[in-house]
Amino acid sequence: EEKGMAYIRLLSFLEGEFLANTEQNDALLQSFGRVMATMNKELLQVEIPSLAYKRDIWDLKHFSDIEDRIEHIADPYLQTVVRHYLLQFQLKLEPILKDFRHSIIHGDANDWNVLVRENEVTGMIDFGDLAYSPLICDLAVAIAYLVMHKEEPIHVVCQFLKTYHQVLPLEEKEIDALYYLIAGRLSTTTTMAAYSAQYRSDNAYLSVSEEGAINALLQWIKINPIHAQNSFRKACGIQTKQAVNHEAFWKKRNHYFSKAMSISYKQPIKMESAALQYMYDDKGDTYLDCVNNICHVGHCHPKVVKAGQAQLAVLNTNTRYFYDSLNEYAKMLSAKFPAPLSKVFFVNSGSAATDLAYRLAVAHTNRKDIIVVDHAYHGNTLVGIELSPYKHDGKGGKGTQADIHKTSIPDLYRGKYKYDDNEAGKKYAEEVKDILQKNKEAGKPIAAFFCESILGCGGQVLLPSDYLTHVYKHVREAGGVCVADEVQVGFGRVGSHFWGFELSNVVPDIVIMGKPIGNGHPMAAVITTDEIAKSFENGMEFFSSFGGNPVSCEIGKAVLRVIEEEKLQENALKVGNYLLKELEKFKEEFDLIGDVRGAGLFLGIELVKDRTTLEPDEASATAVINYLKGRKIMLSTDGPYHNVLKFKPPIIFTMENAETLLRELRNVFQKLNK
Ligand code: PMP
């Protein structure tokens with residue numbers, strides 16, 4: 001009766017088939033749940049004090065012990081998935097696991113340790129991993145093997161849990177922890193197989209579950225934790241977590257914020273968390289993210305998060321002091337640029353970077369007239385809006401100020417000069433030359449030409465290959481400076497190059513960076529030449545309270561490292577080229593596609609009602625976005641006629657993601673192309 005007193009009979013032979021070799025139907029999974037619970041219920045009564053001191057890397061409560069072995073996983077994407085789950089475990093479970101119900105647990109109820117006869121689980125073997133651990137870890141290990149090679153992993157878990165809970169009721173916190181613990185075991189199996197392969201490449205046993213674990217893990221990350229937790233709760237007959245009423249959320253938002261604040265979709269999505277290229281909402285749905293070019297290397301990328309966390313705990317100050325990370329980051333960032341771009345300024349938003357670029361150009365040239373491309377967006381400050389026809393010519397805008405001059409979008413599809421015109425780039429550049437000339441004659445010479453390296457708000461317009469060469473020549477001859485806005489397209493997104501301007505084979509005088517630079521952390525930068533930076537040294541100090549602080553620098557360094565380590569620029573090229581090729585085929589099939597364009601993972605699909613008149617088809621573009629939202633894919637539209645589908649996902653986007661997107665696009669194009 002007393003805890004600690006138990007007779008354990010050791011059997012040397014047990015009859016049955018391995019679960020791994022058995023077809024796993026619902027009845028068998030339920031049987032396993034019952035047997036496992038029966039065993040666990042007995043073990044709860046047993047004490048083996050020495051087990052409390054055992055430390056084993058396979059024991060899930062010590063999941064963190066695998067951390068320095070993750071680097072042995074060859075596929076960088078898989079490494080990041082494992083690191084993601086480790087970080088979630090460290091944040092969400094490690095601090096509280098000690099308060100979970102502990103027990104002697106089997107520790108390795110994998111499908112080669114479970115015996116089956118006539119569709120019933122009859123016994124378990126191999127108690128070599130016996131541990132004193134949170135009880136729920138025993139289930140997590142068993143389940144991790146059950147979900148391998150399964151089309152509907154959540155259904156599988158629920159069959160097992162249902163009967164387990166009837167025999168040995170689980171607590172709410174145990175059920176909620178399962179999602180991360182299952183991922184934990186899959187991660188350990190994946191990591192240990194990769195780690196041990198270097199020592200014992202001939203030992204098939206160690207990698208027996210590797211493929212199953214990897215595939216299950218790659219599927220698992222597509223499951224919203226809330227969906228898993230609520231499904232598990234339901235299987236146990238426990239109240240599910242309820243999403244808050246969106247009406248109430250709307251009310252509060254409207255109470256605290258101006259309606260000027262923009263929002264995506266008529267029925268907005270309430271996001272709870274995100275992982276890499278997936279976003280998880282409050283209802284349990286997972287969205288494939290094809291719009292967020294800010295979380296460039298993946299939402300909540302574990303290496304970036306850790307870099308920020310670590311530095312936040314050490315020092316966060318401003319550039320009025322010396323600290324190593326400032327110089328280190330400036331060195332890494334400036335190494336990405338061709339000469340003579342070498343002087344860096346750090347700020348906190350793309351808008352602030354635009355503002356500073358404007359000031360640098362004005363200081364250097366002693367002029368204040370600027371040329372911008374029609375429909376461009378460069379920022380939300382007073383200067384930003386003045387430089388952004390997208391805003392000042394749009395709803396509520398006051399039109400273009402006298403010292404700002406617009407040149408047409410050099411659009412080879414819809415513009416004045418088209419794809420079939422070999423001289424189009426040169427001709428569009430002539431327009432800039434004319435503005436330069438007119439302004440010179442009017443005594444208001446141009447200070448700078450601002451241009452995104454691929455036009456985002458203009459409708460994902462790839463510049464004619466020689467456009468910037470001609471424009472830069474004209475601008476420089478007229479004494480102006482050339483500014484490239486890389487806020488949307490920089491940092492490897494275009495695939496073939498690190499910067500968008502490199503597609504045009506030019507070197508700007510000033511470059512604006514933002515969005516992807518900090519993977520969501522608010523930071524931005526401007527880089528310029530020594531000469532222009534000198535002109536800015538007029539006695540007025542430049543200071544930004546947050547720009548270039550040690551936390552931002554560490555995050556910026558981590559982003560650059562991740563792009564390189566995970567070969568994300570190469571990924572952008574590979575996946576982007578594949579999408580472009582397939583979308584070109586769609587164009588042959590569906591008349592409503594007028595043009596497909598872009599580079600790397602920055603693509604646009606322009607929809608038209610008529611291929612001869614090019615009448616824009618905004619309604620179809622909106623219909624595509626709404627259809628995709630229903631299919632849990634986020635995409636947006638842009639361009640002067642809101643008819644361009646705009647694709648700019650985190651660049652960790654995989655070939656499989658591309659297939660998913662193409663499949664759904666085909667479905668919706670088929671519906672619309674009547
Ligand atoms: N330039 C471009 C091309 C942009 O797309 C944006 C933001 N959409 C900005 C500048 C301004 O950046 P931020 O929102 O960080 O101020």
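Q: Leaving aside neighbours within four places in sequence, which residues is Arg 233 in contact with?
A: In this predicted model, Arg 233 is in contact (heavy atoms within 4.5 Å) with Glu 172, Ile 175, Asp 176, Ile 238, Gln 239, Thr 240 and Lys 241. Being a predicted model, it needs pLDDT of at least 70 for local features and 80 or more for side-chain atom pairs, while totals for chains, interfaces and linings use all residues. Residues are numbered from 1 along each chain as its sequence is written, and side-chain values use heavy atoms, leaving out hydrogens and water.

Q: Why is Arg 233 called buried?
A: Buried means under 20% relative accessible area, with exposed over 50% and partly exposed in between (1.4 Å probe, protein chains only). Arg 233 has 6%, so it counts as buried.

Q: What makes α4 roughly parallel to α7?
A: The axes of α4 (residues 153-167) and α7 (residues 225-235) cross at roughly 30 degrees and come within 8 Å. Angles under 35 degrees count as roughly parallel, over 145 as roughly antiparallel, 65 to 115 as roughly perpendicular and the rest as oblique, so α4 is roughly parallel to α7.

Q: Which residues meet where α4 packs on α7?
A: From α4 come Ile 154, Val 157, Cys 158, Leu 161 and Lys 162; from α7 come His 227, Ala 228, Ser 231, Phe 232 and Ala 235. They divide into 7 nonpolar, 2 polar and 1 charged.

Q: What does Phe 232 touch, not counting residues up to four places away in sequence?
A: Phe 232 touches Ile 154, Val 157, Cys 158, Leu 161, Ile 175, Leu 178, Tyr 179, Ile 182 and Trp 220.

How values were computed:
Axes are lines fitted to C-alpha atoms, for helices over the stretch in contact, and angles run from 0 to 180 degrees between N-to-C directions. Helices (H or I, at least four residues) and strands (E, at least two) are DSSP runs, numbered from the N terminus. Ala, Val, Leu, Ile, Met, Phe, Trp, Tyr, Cys and Pro count as nonpolar, Asp, Glu, Lys and Arg as charged, and the others, Gly among them, as polar.
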